[in-house]
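Please read these notes with the model open beside you. Take the points one at a time.

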Amino acid sequence: METILRHRRIRTEVNDASTELNHESPLDRLGTCTVCRSNNDDISRITLCACDKGKNVSFSNSNLPSTPSLHHCERENTVIGLSRWQFMVLVLFFCLTTSVVVYAVVAIVIMSHRHVFNHNVVEHIGLESLMTFRQFDRDDDGYLSLDEFQPLAHLIKVENILKRYEYEQLVSTTDDHEVLSIEAFFQPLKLTTLSKDFKEFSLLADHDPSYGLKQWKTAADERKNFATKNFRIFLPPDGNIEVGFCWYMVKSSLSYSTTGQLSSNRYYPPRVHEAEVILHNLLRMFHSQVFIYSRFSPQGAAAIVRAQNEQYVDIMFRIHAEFQLNTPPQQPFWFTPAQFTGHIIINRASSHIDFFYLHVPSDNKLNVDLEWLNGPRESNTMEVDIGYIQQMELRSSSPSRTIGNVRHPEKIKKREEIAWISEMSERDALDVIEKEMYSFKQEWQHSDNATISSVAAALLHAYTFPVESVVATPTGTVINHINANDLMDKQSSILDGFQDPLNINYGAFLKESLIIAAKNSE
């Protein structure tokens with residue numbers, strides 16, 4: 001009886017141990033292992049054999065240890081309850097878990113040291129300086145590379161490191177000084193006109209090069225008052241009010257002895273001075289980060305006297321400026337309209353303005369150039385595209401008036417209502433400005449080779465802005481030509497399939513040119 005009770009006690013203890021190891025009691029299979037034929041008669045321990053299915057057990061009933069000892073089968077390289085592949089998976093899981101823990105500890109240590117480092121730096125240079133550093137540290141590695149430092153260097157050179165300059169031209173409140181109220185009208189650029197699809201960056205604001213473009217929905221200032229006297233820059237220098245006289249309001253600053261263009265790796269505009277201020281303040285109504293000096297030619301602003309009489313002067317002008325739409329840590333994104341053109345009717349003393357108008361011409365299919373950096377290196381990370389903006393203009397709401405007369409504005413006179421002593425057409429005036437800003441469009445005055453001069457003159461005569469494709473003979477006879485905007489406006493047929501319409505239209509233009517050339521040779 002005692003032996004039976006002892007066996008029952010052993011059965012219970014071993015069953016508990018076996019359940020813990022294999023979740024199944026092996027006591028229904030007592031005795032010799034059926035696979036390796038090992039028989040454990042050692043009365044000092046219980047042996048659990050894991051050969052084959054790991055369910056055969058040999059044990060004795062005396063001197064039982066508190067926990068059964070594990071035993072390697074003589075024929076199978078397994079451990080009780082675990083096959084070889086299960087054991088390897090367990091080891092792999094353990095290694096991966098250990099690696100994750102180690103990396104987490106290392107990251108915590110690094111971040112802790114970085115936090116201490118930043119805390120110490122803040123104590124010496126202040127939070128504002130630290131945030132400026134992090135703005136220009138685009139890859140957030142704690143260091144400024146030479147490429148990352150370049151836009152900061154531009155700020156240092158123009159003394160504009162931590163603030164944007166405001167150019168307030170005070171509006172006099174005295175009764176004898178007039179102010180001009182100007183309104184801004186702006187419609188965002190149509191993203192559908194671009195060849196690049198920026199939707200892929202919609203969830204990554206910090207890495208979206210077009211972030212500033214997408215956020216630019218309205219004009220920065222929809223209405224603003226200007227002192228009339230500040231518009232004297234639009235009058236010709238030295239009082240030379242003669243119809244057809246053309247001059248630069250803002251001269252080009254580009255040096256063709258170097259690269260011929262300014263860096264694109266910049267964010268904030270340089271300081272402007274004197275006559276440039278009024279142009280800056282006008283264009284700033286669209287966007288705060290306006291660059292009066294564009295990165296490449298044509299650069300500056302030119303004007304011409306279109307008409308004049310004893311009291312008024314009608315001035316037409318053309319401005320080349322651009323806008324930087326992003327701020328650090330985003331990469332620079334440049335918005336460059338094809339041009340700003342307009343006209344102003346102002347009295348000779350610049351004390352009264354009858355009308356002011358400035359706009360980006362929208363009669364062409366594409367009128368804005370877009371350029372952006374995808375990395376700090378300008379030479380190999382620049383991307384470009386071209387799009388269309390429907391409306392970007394400034395217009396005076398009424399003639400200038402004194403502060404006391406602000407409630408009773410005069411009606412704007414139309415050009416046709418003013419009796420001019422002398423005038424030229426608007427088209428001719430714009431052509432003169434264009435030749436002034438594009439030196440290659442000026443007529444050839446001197447040339448040692450009459451043939452070259454004749455060919456150049458013929459091609460120049462066929463050219464229209466911005467790009468013209470010309471087919472001509474070696475002697476300069478123009479056979480056919482087409483403007484880039486006209487080429488893009490041509491509709492392709494559905495019979496052409498899924499080919500690029502631009503390629504189809506250009507191919508048709510070349511075929512047409514060959515037919516014309518063949519007919520001319522007959």
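1. Start with helix H6, residues 276–283. 8 of its 8 residues are buried, so the rest of the structure largely encloses this helix. The buried residues are Glu276, Val277, Ile278, Leu279, His280, Asn281, Leu282 and Leu283. Buried means under 20% relative accessible area, exposed means over 50%, and partly exposed lies in between (1.4 Å probe, protein chains only). Helices (H or I, at least four residues) and strands (E, at least two) are DSSP runs, numbered from the N terminus.

2. A word on the source. This is a predicted model: local features need pLDDT of at least 70, side-chain atom pairs count only at pLDDT 80 or more, and totals for chains, interfaces and linings use all residues. Residues are numbered from 1 along each chain as its sequence is written, and side-chain values use heavy atoms, with hydrogens and water left out.

3. Next, the sheet. In what order do the 5 strands of the open sheet run? The order is E7-E10-E11-E14-E15, with antiparallel pairing. Strand E7 (290–291) and strand E15 (382–387) are the edge strands, and each pairs on one side only. Two strands pair if DSSP finds at least two bridges between them.

4. Look closely at strand E11, residues 333–337. Strand E10 (residues 322–324) runs antiparallel to E11, and 2 bridges join them. Phenylalanine 323 has phenylalanine 335 as its bridge partner. Glutamine 324 is partnered by tryptophan 334. Strand E14 (residues 368–373) is also antiparallel to E11, and 5 bridges link the two.

5. Is E11 mostly covered or mostly open? It is mostly covered, with 5 of its 5 residues buried. Phe333, Phe335 and Pro337 point one way. Trp334 and Thr336 point the other way, and all are buried.

6. Finally, check threonine 228. This residue sits in the loop between strand E5 (223–227) and strand E6 (246–250). Threonine 228 counts as buried because its relative accessibility is 1%. Its side chain reaches the backbone oxygen of glutamate 178 at 3.0 Å. Setting aside neighbours within four places in sequence, threonine 228 is in contact (heavy atoms within 4.5 Å) with several residues, including Glu178, Val179, Leu180 and Ser400. Ser350, Ser351, His352 and Ile353 are also among its contacts.

Technical notes: A polar contact is a pair of N or O atoms within 3.5 Å; within protein, one must be able to donate a hydrogen and the other to accept it, and residues adjacent in sequence count only if both atoms are side-chain atoms.
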